[in-house]
Amino acid sequence: MSTTFLVLTVIGDDRPGLVEQLAAAISEHRGNWLESSMAHLAGKFAGIVEVSVASEEVDALRRALAGLGALKVTVEEANAGAESHKGRRLTLALIGHDRIGIVREVSQVLARHAVNVEALNTFTASAPMSAEIMFHAQAELQAADDLDARALKADLERISDDLMVDITLDEVVKI
């Protein structure tokens with residue numbers, strides 16, 4: 001029996017029971033929920049889920065997911081044979097005044113340094129003393145062994161005088 005790995009993206013109007021509906025459909029087709037990230041955004045429930053399922057159950061699972069009225073589910077087959085990223089693992093934390101284009105500016109710097117964004121979480125919040133809106137980002141990154149982390153940090157700090165950047169190397173190997 002062969003196994004197929006699927007990546008599901010899901011979105012729907014947020015309400016109780018959505019995760020249960022999704023989990024039930026996966027479980028009823030002998031699928032195994034492996035990894036996920038989900039959030040409430042602007043009244044919507046949105047998420048991404050990695051599932052492994054017996055290859056003979058894939059079509060039936062796809063039909064069941066398409067029948068979930070409360071959720072729009074997109075299903076993509078994953079490349080199970082893909083080589084895991086090697087190199088340096090970094091964690092990036094940054095805070096700055098919120099403005100249009102800040103994510104673009106940061107992502108351009110990361111791309112120039114050939115840094116891959118593996119996870120990105122962002123939010124805005126009022127600054128404690130001034131009540132100005134501040135942009136916060138936390139990212140898990142992967143880069144080549146020869147990355148100059150100091151040069152990367154300097155380039156990120158050049159984006160804006162108020163941008164506070166913290167980059168740490170994470171020597172934990174993802175298996």
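The conversation below sets computed values against the definitions of the terms.

Modeller: Two remarks on the source come before the terms. This is a predicted model, in which local features need pLDDT of at least 70 and side-chain atom pairs count only at pLDDT 80 or more, while totals for chains, interfaces and linings use all residues. Residues are numbered from 1 along each chain as its sequence is written, and side-chain values use heavy atoms, with hydrogens and water left out.

Colleague: How many helices and strands are there in the protein chain, and what pattern does the chain follow?

Modeller: The protein chain has 4 helices and 8 strands. Along the sequence, the pattern is β-α-β-β-α-β-β-α-β-β-α-β.

Colleague: How do you know what radius of gyration a compact globule of 175 residues would have, and what does the protein chain have?

Modeller: The globule rule is 2.2 Å times the number of residues to the power 0.38, and the radius itself is taken over C-alpha atoms. For 175 residues, a compact globule would have a radius near 16 Å, but the protein chain has 20 Å. The C-alpha trace spans about 55 × 40 × 25 Å along its principal axes.

Colleague: Which residues does Phe45 touch, leaving out residues up to four places away in sequence?

Modeller: A contact means heavy atoms within 4.5 Å. On that basis Phe45 touches residues including Val10, Ile11, Leu18, Met38 and Leu71. In the protein chain, residues 24 or more positions apart account for 71% of the contacts with a separation of 6 or more.

Colleague: What puts the buried residues of helix α1 on the same side?

Modeller: The buried residues of α1, which runs over residues 18-28, are Leu18, Leu22, Ala25 and Ile26. They cover an arc of only 95° around the axis, and this puts them on the same side of α1. The arc is that of the directions from the helix axis to the C-beta atoms. In general, an α-helix has 3.6 residues a turn, so residues three or four places apart point the same way. On the other side of α1, Glu20, Ser27 and Glu28 are exposed. The cover of the buried residues includes β1 (3-13), β2 (32-41), β3 (44-54) and α2 (58-66).

Colleague: How do you know that the buried residues of α3 line one face of the helix?

Modeller: In α3, the buried residues are Ile102, Val106, Val109 and Leu110. Seen down the axis of α3, they fall within an arc of 100°, so they line one face of the helix. The face turned away from that buried side carries the exposed residues Arg104, Ala111 and Arg112. Among the elements that cover the buried residues of α3 are β5 (88-97), β6 (116-126), β7 (133-143) and α4 (149-157).

Colleague: Why does Val106 count as buried, and which residues does Val106 touch beyond four places away in sequence?

Modeller: Val106 has 9% relative accessibility and therefore counts as buried. Val106 touches Leu92, Leu94, Leu156 and Ile159, with residues up to four places away in sequence not counted.

Colleague: What makes the phi of Ala114 worth a remark, and where is Ala114 found?

Modeller: Most residues other than glycine have a negative phi. Phi of Ala114 is near 55°, a positive value in a residue other than glycine. Ala114 is found in the loop between α3 and β6, and its relative accessible area of 60% makes it exposed. Ala131 also is not a glycine and has a positive phi, of about 65°. Ala131 lies in the loop between β6 and β7 and counts as exposed at 52% relative accessibility.

Note on methods: Helix = DSSP H or I, 4+ residues; strand = E, 2+ residues; numbered from the N terminus. Buried < 20%, exposed > 50% of the residue type's maximum accessible area, 1.4 Å probe, protein only.
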